[in-house]
Amino acid sequence: MCIGKILLISWTNVILPFEDIEEIKKSQHAFINPSITIILRVGAGGQGVPPLASTDGRAKYMFASFWNRNHAHKTLERAVKNFQAMEEAEKEEKEQAALRAHSSSNKGSHIASELMASTQDDTTLQDIDRTFQPFIKDDVVVPIITKEVFPCTAEQFFNKLLNDDSMFTHQYRAERKDTDIKLEQWHIADEYSGLLREISFRSLCNNPMCPPDTAMTEWQHSVFTANKSVLVFETVQQAHDVPFGSYFEVHSRWVLETTSESSCTIDIKVGAHFKKWCLMQSKIKTGLLSEYKKDIELMLKVARDYLESSKQVGSIDRNNDETQKNNNSK
C-alpha cells in the first residue's frame, strides 16, 4: 500500500506492506485534526518516513488532513480485508495443487479398467460432491456444449478413448501439433473418488503476447456413477510459460450419460479459475472460452474418427478369424 503525504511542502510517498498491517484505527492529530493511524506488526516497518515513537515495538504511522476521514478509513480497511482474503485463497490454491501433485505421485499397479470396475454401482453425483474433495471449482465453469449426442456409451467412451492402452490422446495431441507428450497411467487417490492421471506436453501459442509454445500440465479425473451409465471426466490445466500463466488454471467438466446401447449425451463446462487477481482477467476469460470451444470441437471430431477406425479394425480382425477357422475346418 502506498500513501501520498505532503511533508514540509514536498510530496512524499509512504509504502506500507499489506501483509505487515495489524490495525487501522481512527485518531486525532493535534487534538483537532481527524486522522488515521496505521499500526504494523512487531518487527515490521514502512518506507518513506520514519514511524512514530512507540512503547510496544510496533511501528505506527499517522495520516491527517483527509477530505473525508471516515470514507478513507473504510476504504483502507476494505483493501486490507481484500488482501487477506486473496492471501487465504492463494494459500488454499497451493494446498490444492500440492494435493493433486501428491495424488499423482501415488500410482498403483492395477490397470484402469480394473480400477473402474471397483466403483460402487449405487454412487451418484451428489454422493461424490458430498463425500470427496472437489477436483475443480464448480463456480467458475460455464456450459459450452449441451446434450450433444455421441456414438458410444459412457463406459465405452472411457474404455476406448481414455483407457491406458488407448492411443486417442496421442492422436488428438498430434492433431493439435502438441509435442513432448508424457502420459501417466490412471491410479486411485484417497482424496478424490475415481481415478487420476497427469499429462504434460508442449502446446503452440497463437497469441502475439505469448512465446511460440509453452509447457503445459493437465491433471485428469474420471469417475463412474449409477452403474456406469454416467461418466464424469474433469480436467485442470496449467500453462507454465505464458504471461500471467501462474495466475490461473483452466477447469473443465464433462458429464457423459448413456442413452442407449450405442450412444450417450455429452455436457461440457469450462472456465478459468484465478488463483490471484490479474489485470488481464476479463480478457483471459473471454479468449479462453473461445479457444477451448474450438479445442472441444476438434477433440470430439478426432474421437469420432478414432471410434470409427477402431470399429473397422475390429471388423477386419473378425473376418480374418472367420477365414482362418474355415481354412482349418477344410
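Contact means heavy atoms within 4.5 Å.

**View 1. The whole chain in a predicted model.** This is a predicted model, in which local features need pLDDT of at least 70, side-chain atom pairs count only at pLDDT 80 or more, and totals for chains, interfaces and linings use all residues. Residues are numbered from 1 along each chain as its sequence is written, and side-chain values use heavy atoms, with hydrogens and water left out. Among contacts in the chain with a separation of 6 or more, 60% join residues 24 or more positions apart. The chain has 6 helices and 13 strands. Both are DSSP runs, numbered from the N terminus: helices are H or I, at least four residues, and strands are E, at least two. Of 330 residues, 39% count as buried. Buried means under 20% relative accessible area, exposed over 50%, and partly exposed in between (1.4 Å probe, protein chains only).

**View 2. The largest nonpolar core.** It has 37 residues. A nonpolar core is a set of buried Ala, Val, Leu, Ile, Met, Phe, Trp, Tyr and Cys residues joined through side-chain atoms within 4.5 Å. Phe150, Phe157, Trp254 and Ile266 have the most contacts inside this core. At least two residues each come from β6 (142-150), α4 (154-162), α5 (168-175), β11 (230-239), β12 (248-260), β13 (263-274) and α6 (281-329). The largest share, 10 residues, is from α6. Another core, of 15 residues, lies apart from this one; Val14, Leu16, Leu40 and Ala59 are among its members.

**View 3. Contacts of phenylalanine 157.** Neighbours within four places in sequence are left aside. Phenylalanine 157 then touches Phe150, Cys152, Leu162, Leu231, Trp254, Leu256 and Ile266.

View 4. A disulfide is a pair of cysteine sulfur atoms within 2.5 Å. The structure holds 0 disulfides. Cysteine 152 is buried, at 3% relative accessibility. Cysteine 264 is buried too, at 0%.

**View 5. Threonine 153 in its loop.** Threonine 153 sits in the loop between β6 and α4. Its relative accessibility is 11%, so threonine 153 counts as buried. Beyond its neighbours within four places in sequence, it contacts Thr258, Ser260, Glu261, Ser262, Ser263 and Cys264.

**View 6. The largest pocket.** Its volume is about 1,200 Å³. Pockets are found on a 1 Å grid over the protein atoms alone: a pocket is an open set of points where a 1.4 Å probe fits, with protein on both sides within 12 Å along at least five of seven lines, and lining residues have an atom within 4 Å of a point. Grid points are joined across faces, edges and corners, and a volume is the space filled by probe spheres set on the points. The lining has 45 residues. Leu204, Gly287, Leu288, Glu291 and Asp295 lie nearest the centre. At least two lining residues each come from α5, β9 (195-204), β10 (213-225), β11, β12 and α6. With 11 residues, α6 gives the most. The lining divides into 25 nonpolar, 11 polar and 9 charged residues. Here Ala, Val, Leu, Ile, Met, Phe, Trp, Tyr, Cys and Pro count as nonpolar, Asp, Glu, Lys and Arg as charged, and the others, Gly among them, as polar.

**View 7. Asparagine 13 in strand β2.** Asparagine 13 lies in β2 (residues 10-15). At 42% relative accessibility, asparagine 13 is partly exposed. Its C-alpha atom is 8.1 Å from that of glutamine 47, 34 residues apart along the chain.
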